[in-house]
Amino acid sequence: MSEQSRRGHKPAKPYRRPKKDPVRILAFEALRAVDERDAYANLVLPPLLRKAREKDDFDARDAALATELVYGTLRRQGTYDAVIAACVDRPLREVDPPVLDVLSLGAHQLLGTRIPTHAAVSATVELARVVLGDGRAKFVNAVLRKIAQNDLDGWIEKVAPPYDEDPEDHLAVVHSHPRWVVSALWDSLGGGRAGIEELLAADNERPRVTLVARPGRATSEELLREEAAEAGRWSPYAVRLAEGGEPGAVEAVREGRAGVQDEGSQLVALALANAPLEGPDTKWLDGCAGPGGKAALLGALAAERGAMLLASEKQPHRAGLVAKALAGNPGPYQVIAADGTRPPWRPGSFDRVLVDVPCTGLGALRRRPEARWRRRPEDLDNFAPLQRALLRTALDSVRVGGVVGYATCSPHLAETRVVVADVLKQYPDAELVDARPLLPGVPALGDGPDIQLWPHVHGTDAMYLALIRRTAG
């Protein structure tokens with residue numbers, strides 16, 4: 001008998017190496033990139049998945065789980081932060097970010113998936129041992145066991161203020177949006193609880209990949225041959241891939257004859273292209289063309305009419321993306337790197353002009369869930385001068401009788417109607433065109449004459465479009 005046993009002490013347990021779970025390690029790496037480098041998950045995740053698939057032990061089911069863990073954790077971050085805060089003895093800002101990422105991954109598995117409780121806890125603790133070390137893994141284990149004591153509804157009842165007492169904060173916690181975003185979206189909708197609840201819920205649903213068949217180069221019928229693909233609801237060029245569909249596997253996408261493009265963006269291009277003109281229709285301008293999706297569709301539509309497209313983008317690397325998107329366009333086009341507020345072209349040079357201006361991106365939170373946590377109210381003030389300057393340049397660039405399309409991927413009134421109204425005060429020779437008839441069959445476009453699309457109504461990003469015609473020189 002050993003000396004340790006004679007004294008009544010239990011033998012020390014042999015050290016066990018933590019089990020490496022490639023799926024959860026990949027999800028953790030993606031979350032760290034989003035946090036540390038301000039990366040976007042939709043850009044970080046695909047290369048990580050491609051690298052993992054090269055290994056024999058990482059299959060399609062693993063890729064699907066990793067994707068769900070990353071996007072689900074980011075979408076519900078605000079809700080999970082409130083739950084975690086109720087389970088730790090310090091402010092969240094004092095919890096190391098890597099530890100918080102592991103806790104959030106665990107919270108999502110416990111509260112947002114069907115993974116059994118014991119499996120969610122044990123797998124997350126093992127992840128903590130691998131990426132954080134045994135000491136902090138014990139802290140993770142203790143917190144997750146507290147979280148596991150309630151389901152999501154139970155936690156929301158505990159951590160969200162009652163709707164009647166503070167409706168905006170209630171919705172912010174329940175639907176995982178910053179309070180100021182909830183307030184702004186509610187104003188844009190015009191009030192009412194049902195609409196804002198539906199919109200916020202739609203922001204937390206992962207959209208299917210939508211493709212665009214570029215006219216003259218591909219057809220929607222060709223894209224519909226993909227397994228479980230469906231026609232878009234509104235655009236004749238839109239096709240939705242099956243859930244989890246990989247656009248890179250589609251031949252037309254690889255060849256540049258089709259591309260990935262939300263149906264809302266397609267509708268903006270179609271409305272501008274269909275707007276009635278007075279006089280010739282031979283010169284089109286995309287004044288904020290990067291990264292090139294709308295330019296590629298406009299270029300193809302222009303080619304069908306024998307018109308030429310000039311695609312201008314300020315950043316040279318983004319101008320390169322535009323050139324790639326337009327390569328092979330069946331009609332004449334040109335891509336330039338130029339500042340849209342100080343254009344190299346002469347005033348009145350174009351018949352149709354699109355400016356899809358830089359904005360907060362609050363209309364695309366389905367696709368970029370982390371953007372909601374990065375934006376601040378003061379960002380509106382930073383974008384405002386540029387948005388107005390680009391619209392003024394667009395109005396100067398179109399000829400009398402021509403049409404300008406002002407578009408944003410944000411429904412925030414300060415980026416949409418307020419900008420248009422302010423600029424039009426300086427242009428008595430310009431008038432709004434009713435854009436709604438240009439999208440036949442698309443319902444609930446608003447009171448007009450501008451258009452506002454919504455995720456919960458149209459299944460698109462929340463794109464805004466105002467069409468403006470120059471009426472005199």
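The legends below accompany close-up views of a predicted model. Residues are numbered from 1 along each chain as its sequence is written, and side-chain values use heavy atoms, with hydrogens and water left out. In this predicted model, local features need pLDDT of at least 70 and side-chain atom pairs count only at pLDDT 80 or more, while totals for chains, interfaces and linings use all residues.

**View 1. Domains of the protein chain.** The domain assignment, whose bounds come from an automatic or database source, gives domain 1 (20-151), domain 2 (159-201), domain 3 (207-258) and domain 4 (261-468). Between the C-alpha centres of domain 1 and domain 3 the distance is 32 Å.

**View 2. The second largest pocket.** A pocket is an open set of points on a 1 Å grid over the protein atoms alone, where a 1.4 Å probe fits and protein lies on both sides within 12 Å along at least five of seven lines; lining residues have an atom within 4 Å of a point. The volume of the second largest pocket is about 460 Å³, taken as the space filled by probe spheres set on the points. Its lining comprises 20 residues, and Val34, Asp35, Gln77, Asp101 and Trp373 lie nearest the centre. At least two lining residues come from each of α2 (22-37), α4 (60-75), α5 (77-85), α6 (97-112) and α18 (371-374); helices are DSSP runs of H or I with at least four residues, and strands are runs of E with at least two, numbered from the N terminus. Domain 1 (20-151) and domain 4 (261-468) each contribute at least three residues to this lining.

View 3. Alanine 39 is placed in the loop between α2 and α3 (41-53). This residue counts as buried because its relative accessibility is 13%, buried meaning under 20% relative accessible area with a 1.4 Å probe and protein chains only. Neighbours within four places in sequence aside, alanine 39 is in contact (heavy atoms within 4.5 Å) with Ala33, Val34, Val44, Glu370 and Arg374. Alanine 39 and glutamate 370 are 331 residues apart in sequence, yet 9.0 Å apart in space, C-alpha to C-alpha.

View 4. Cysteine 409 lies in the loop between β9 (398-408) and α20 (417-424). Cysteine 409 counts as buried because its relative accessibility is 16%. Neighbours within four places in sequence aside, its contacts include Asp356, Cys359, Asp461 and Met463.

Notes. Buried means under 20% relative accessible area, exposed over 50%, partly exposed in between (1.4 Å probe, protein chains only).
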